[in-house]
Amino acid sequence: MSWPGHFGWTLVRRPAGGLASLAAAFTLAALATGLIGGLLFLAAGAAPAQAFAALAKGAFGSWRAVSETLVKATPLIFTGLATALAFRARLWNIGAEGQVFAGAIVAYGCSLQLAGLSPWLQVPALLTAAMLGGALYGALAGLLKVLGRVDEVISTVMLNYIIVFGLSLLLLHGPWSEAGGFFEQSAKIDPGAALPKLVTGLRVHLGFVLALLMAVLVGFLIERTPLGFEIRAAGSNLRALAFQGARIGRLILVVMALSGALAGLAGASELLGVQQRLKAGTLVGYGYTGIIIAILGQLRPLGIVLAALLFGALVNGATLMQIQTGVPSALIYALQAIVLLAFLIARAATGWRLRRLAHAG
Amino acid sequence: MAGALVPRLAVSHLTKRFGQLLANDDISLSVLPGEIHCLLGENGAGKSTLSSCLFGLYRPDAGSVRVDGRPIELRSPADAIAAGIGMVHQHFVLVPAFTALENILVGTGRGWRLDLAAARRAVRALCARYDLALELDRPVAELSLGEQQWVEIVKALYLGARLLILDEPTALLTPVESAKLFRVIMRMAREDGLAILLITHKMAEVMRSDRVTVLRKGRLIGTAATAEVSRDQLVRMMVGRDLASPRSEPRTGPATPLLRLAEVSLRDADGRRHLDAVSFELAAGEILGVAGVAGNGQTELFETIAGLRRPSSGSIYLAGTRIDGEDPAGIAALGLGHVPNDRARDGLVPDFSIAENLLLGQQWQPPWRRGWLLNRPAIRQRAATCIAEFAVAASGPEALVRRLSGGNAQKVVLARELAKASRVLLCNQPTRGLDVGVIEHVQSELLRRRAAGCAILLASEELDDLFSLADRIMVMVGGRVVALVDRPATDLATVGRLMAGQAAA
């Protein structure tokens, strides 16, 4: 494949999937982000070098800083994996956002029933409940697609709105609003339901280990199992898979449920590991950021973990950056978007290379 | 075509490289006025590259081109058109929403004013000259593929072409349309001195030309007067070796029916009838050829038998078991393989390796699955065996199917489906778009399976193929079986007439 050349040069498609071109794309994206981010910091009235240094220090400068980075990365690993699993099958599940809420809501509801029991019982039971909640909410969009041919992009976005506002309703006037409280939040969960901390004194909790475990499991599922085989086949040529007799409707339901279960774990991990209570607002955005994470991570578990760590570090480091240099920490969300755009552009650009034409006399 | 004629087109020592690849290596050929000159070669022989150079789409690295003795430089299609070269591409380049006349006029504007009336008169005259009944005011989207091709040809002539390059012109045409195309281009050449360069790999068409130039792997093998060479000689020049022409021997012994269709009809949701009371029996060790112009229900018939569509009435039996209403996986498990019509769309996963494509459909079955996991060593081992057995040109089981040539990709489909077809094999256009070498391979594979007792339903656009392979031939028109005859009891012309919807003579 080549474009007819002008001025003696031509663009030639590189063989896809090369590790070298991927590395080149990351390097280019990092340089571009540094440049544009630096200009943004400059515009915010800070010296770019100082701002980046504060950002790095805030993210990795101490054990506490590292712990906080991992805490911020944990839900993003879950939602990144959830999105990637569906995207690998070309199911555009934009609903991780709502499935996070579904997981947290079901886990909280169950925690009210199990309060007082042993943590050895409560924690696994509540994690399972969260997975079920996310799975059901994901499968609902799958069901709409299979039975009613509703495009999953539309249905998942709509379901996101429904559950986000539904939770607000529960917490504002509903039975779950904290007695005598003024905030849109529930009472604290039973201490026996909390996810154990990994290191005393630091906030990083069991959810992070679970997220890494899930990354490994998802990798195995996609690459090594018959189900993963069908997911990858569906992502490349659904018709050929259907011609071989695979049950496509069932596959869609299963993938949406698994994707929802992973997102549900993000909800449980935040509820039981960090917030200890349901609070509208604290769960917002993990699902949508998960889409960015999945794409940055090339829909592969290792890439997703790395991308989530990067985003966790950015969000976490931003606080110190604001304190030390006065750059508003909200700028970090602009920086996240720049990372993604720079990466996508670099990825497209490194897919081609310039070659000089041999010329006729 | 006396020797004294100045060639309409003279190409000398043309060379075109793409990176390492020598697509055209020192090619010289000439086309005389009034001559039909065939350019023959397998896929990748350099035919398309050469024609693209002649139409100014590529710039050659070396060599020269003369038209009517004058050297010309072809920098763009505009230069080619100005020099009197017209080209009809294999995939037409028409604006679907424009009428035929508008399409003919696109890009011909000289000055600001569009004199439709004068243009219409000129185009009408051209159509009348060659007895073409072209509806000039209908949008091209509503025209058949054959009519669209005439729009392309008339456009080239209207632009003043004195050399017409036709790239695989009959690939999309029915036999009747192809015959008409040949009648008319013969007249264009004989009566009006048009020079025609015809790119094709169909031997029947080559034999109707005046001279033929054969390319192989980018190199000129030779030019010959068609009357002085045999088909076999040409094939040898094209492929570089002798080809056995697979032919089925008459059957012997009693045959058990393996596939039986009784009054099978198929309507879609809009009430359109795709199959109309189709009934036939197919016996073990028999090849039943399905002849028909594309779109007359053949693909629907294959997909209905394979369980991909549910018949609205009638019944289908495979080795005595009723299978209509079963799902495709269940039917395949009874020993049925299906080579679909469009291998890229229906048969292969492009981002999968050869090994994974061979596994497709059997991913849950032992020994390919062990517990929760795929048994990758076994899958790879089987793939290596298949690659060797079918002579797939690839680096190994992990090679991506997306990178394979059409012939090698088809071998992968064939290997997978033959493995499943212990009883019945459905083959819908298994040789379309393949090189003669691969076609020979596919055909002898089908005959081997037939000898092993497989019942084969074979649809092909190439009637020659059906006649050399099939025991019986079934003609389909409009979803109905209009004839079902033993091969020795019929001939090409009769089947061609039946396909066109005319009663047998």
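Biologist: In which loop is P367(B) found?

Modeller: P367(B) is found in the loop between α12 (354–359) and β17 (369–370) of chain B; helices (H or I, at least four residues) and strands (E, at least two) are DSSP runs, numbered from the N terminus. A cis peptide bond with omega of about 5° joins P366(B) and P367(B). This is a predicted model, in which local features need pLDDT of at least 70 and side-chain atom pairs count only at pLDDT 80 or more, whereas totals for chains, interfaces and linings use all residues. Residues are numbered from 1 along each chain as its sequence is written, chains are lettered from A in the order in which they are written, and side-chain values use heavy atoms, with hydrogens and water left out.

Biologist: What is the area buried between chain A and chain B?

Modeller: The size of an interface is often given as the accessible area lost when the parts come together. Buried area is that loss, found with a 1.4 Å probe and summed over both parts. Here about 2,600 Å² is buried between chain A and chain B, and carbon and sulfur atoms give 57% of this area. Of the area that chain A buries against chain B, F229(A), F243(A) and Q244(A) supply 29%, more than any other three residues. By contact (heavy atoms within 4.5 Å), 26 residues of chain A touch 35 residues of chain B.

Biologist: How many salt bridges does the rule find across this interface?

Modeller: A salt bridge is a side-chain nitrogen of Lys or Arg within 4 Å of a carboxyl oxygen of Asp or Glu. Across the interface of chain A and chain B the rule gives 3. One salt bridge links the side chains of R247(A) and D327(B), at 2.7 Å from N to O.

Biologist: Which elements of chain A give two or more residues to the side that touches chain B?

Modeller: They are α7 (206–224) and α8 (226–243) of chain A. The largest share, 13 residues, comes from α8(A).

Biologist: At what angle do helix α1 and helix α2 of chain A pack?

Modeller: Axes are lines fitted to C-alpha atoms, for helices over the stretch in contact, and angles run from 0 to 180 degrees between N-to-C directions. Helix α1 (residues 19–43) and helix α2 (residues 48–60) of chain A pack at about 105°, with their axes 8 Å apart. The two helices, α1(A) and α2(A), are therefore roughly perpendicular to each other, a class that covers 65 to 115 degrees. In this packing, G34(A), G37(A), G38(A), F41(A) and L42(A) of α1(A) meet P48(A), A51(A) and F52(A) of α2(A).

Notes: Buried area = accessible area lost by both parts, 1.4 Å probe. Parallel < 35°, antiparallel > 145°, perpendicular 65-115°, else oblique.
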